[in-house]
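Let's take a walk through a protein model together.

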Amino acid sequence: MHSPAHRNDGRLAWILIAPALVGFIVFAVYPTLRGIYLSFTNFRVLSPPSWTGLDNFVRLIHDDVFWGALGVTVYFVVLSVVIGMTFSLVTAVILHRLNASTLVRGMVILPFLISGVVAATTWSWMLDSQLGIINMLIEKLTGSPILFLGSRSWAIPSIALISVWKSMGYNAIIIFAGLQTIPSTVYEAGRIDGASEVKMFRYLTLPLLRPILAMVLILNVIGSFQVFDIVAVTTKGGPANASNVLQMYIYQKAFGQFDFGYASTMSLALFAMLIVITFLQMRLTRASQTDTN
Amino acid sequence: MITSTIRRRRPFSAGRFTSWVYVALILLITVFPFYWMLRTAFSNNRALATNPGSFLPVDFTLGAFRRVIGLATASESLAEGGSGASLQLGPYILNSVIYATVSTVSIVFFSALAAYAFSRLQWRGRELMFGLFLTALMVPGILTLLPNFVLIKDLGLLNTFAGMILPGALFSAFNIFFLRQFMLGMSNEIEEAAIIDGAGRLRIFFGITLPMTSGPIITLSILGFITAWNDYFWPLLVTNDESVRPLTLALAVFKQSSPQAAPDWSGLMAATLVAALPMLVLFLAFGKRIVNSIGFTGLK
């Protein structure tokens, strides 16, 4: 194993990974441990944290705003992921079947390139209740505008649509790349067996694509759970907490009220949920791998 | 990458027709907001209210752009329906350029160093360390945000580029993993020939490995730059001073300071266009590469 060429590798290797190791320990491991510690304390930044045991967790259980925010977040995640995944998959399959050019594929990912702030600002203009182009069309059709970002029932669906608009193309391109790895012989065999397009999609494409779909799904769920910028720019959690997602609530607790201890507790709770989801992803991906092999 | 386009020349079919209609619709929804940004940015904000549905700029003017780069006087701004406030985008653009460039160069470079150690060097503990690094891939960012803010504050780095850049500048599990994959696949022969010629490890890294990995390095750089340019949350936490705040924050502040009753939509759209412009230029220059990068990184 250790040829003469590799004699001094050990020392050099540690030097080469030193910056990454420092970054890993200082900005990933240490903050994770500190975050867990802070969630058991009363910490308001200006004075050192004082240990309060499970107080924050008890408070969390009785905090209606937290549960409300969790509900709002889950509603957003389900909406944006279901709509987003559906459109991404359909778009990817169609682009693949039509053998669409890189230009077409490129145009689809344009929204991914701009920031959430730009997307949110642009859409709040188009959805504006008085001068927005979308409301002008709606008013022509139904006679009355919709207060997209200003109404309790529309705030989350509107934010979900902006989020889907922004990420759909990105997901579609990843799924498209997955489709390209499926050997064409699979489809030729299907065709010889007389399978219809729909049947081939159902029994060939979907199972073979499952590892990719599982990955895209989980990345989207994790990303959606942490939605912040679109909400911050469009509604800031309003009206009346209707779009107060978890990340927004954590931010307000930490930087609006300087309640870092409690904000850390909520982060830990969210973190725990995401870990469970990540774990499920690994199970899901692995299961599908043995499935297809 | 194996390609498997199921291309068969077929005559006109209803399915193909429907598919193209679907694609056209998707492209319309994708591109229209960009056109609407442009159309609004070139409109006179006061005139916009009288003709909101026009598909061409209403009372064409460059006023909105002048307002957001700080060329318009308050009275000019008011005359065109602005709020009287102007935005000096120039310094923010510079901040964004510094933030995105330094972050990207640094993380890709340090990841390449680590990836080299994890692929081309043989040392005890290599697999263990790599496995340890990989666990970071599974951990969502949320838990580290607040403690990292506290750490940056304790280090006295709030409102500095260092504070914005450092937490993400040294370690990226994904970048290391991605570059390692490529380096593992490189043949030993060139490297061994160089060793026989008396080249040291570092010379091999800079002279052979790094140039041979330029493809994936560019991929990661483009994706990293896009992410950093569009970053909002972390800079929001660690800065409150205009001298270091990036463009995304300036835009959000400008949006919030615009009056609720009669927002300066032309100004806002001019500002969003300016904020999006580098990405659009990047797209024009590297479109194909970006598309392939995204597909590729997704497959891992």
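Start with the second largest pocket: 28 residues line it, and those nearest its centre are A:Trp123, A:Met126, A:Ile134, A:Trp165 and B:Ile29. Keep in mind that this is a predicted model. Which elements give two or more residues to that lining? From chain A they are helix H3 (64-97), helix H6 (116-126), helix H7 (133-142) and helix H8 (155-180), and from chain B there is helix H1 (14-41). The pocket has a volume of about 680 Å³. Sort its lining by class and you get 24 nonpolar, 3 polar and 1 charged residues.

Now for the place where the two chains meet. The size of an interface is often given as the accessible area lost when the parts come together. Here, chain A and chain B bury about 9300 Å² between them, and 78% of that is on carbon and sulfur atoms. In terms of contacts, 102 residues of chain B touch 104 residues of chain A.

What about polar links across the interface? There are 13 residue pairs in polar contact between the chains, counting pairs with both residues at pLDDT 80 or more. The side of chain B that touches chain A divides into 70 nonpolar, 19 polar and 13 charged residues.

| Residue | Partner | Closest N and O atoms |
|---|---|---|
| A:Arg34 | B:Asp154 | 3.1 Å apart |
| A:Arg44 | A:Asp259 | 3.5 Å apart |

Finally, a look at the backbone. Most residues other than glycine have a negative phi, and most peptide bonds are trans. A:Val45 is not a glycine, yet its phi is positive, at about 70 degrees. You'll find A:Val45 in the loop between S1 and S2 of chain A. Then there's the peptide bond from A:Gly238 to A:Pro239, which is cis, with omega near -15 degrees. A:Pro239 is in the loop between helix H11 (229-234) and H12 of chain A.

Conventions:
Residues numbered from 1 in each chain as written. Chains lettered and ligands numbered in written order. Predicted model: local features only at pLDDT ≥ 70, side-chain atom pairs only at ≥ 80, totals over all residues. Heavy atoms only, no water. 1 Å grid on protein atoms, 1.4 Å probe; cavity = no way out; pocket = protein on both sides within 12 Å on 5 of 7 lines; lining within 4 Å. Points joined across faces, edges and corners; volume = space filled by probe spheres on them. Helix = DSSP H or I, 4+ residues; strand = E, 2+ residues; numbered from the N terminus. Nonpolar A, V, L, I, M, F, W, Y, C, P; charged D, E, K, R; others polar. Contact = heavy atoms within 4.5 Å. Buried area = accessible area lost by both parts, 1.4 Å probe. Salt bridge = Lys/Arg side-chain N within 4 Å of Asp/Glu carboxyl O. Polar contact = N/O pair within 3.5 Å; in protein donor to acceptor, adjacent residues only side chain to side chain.
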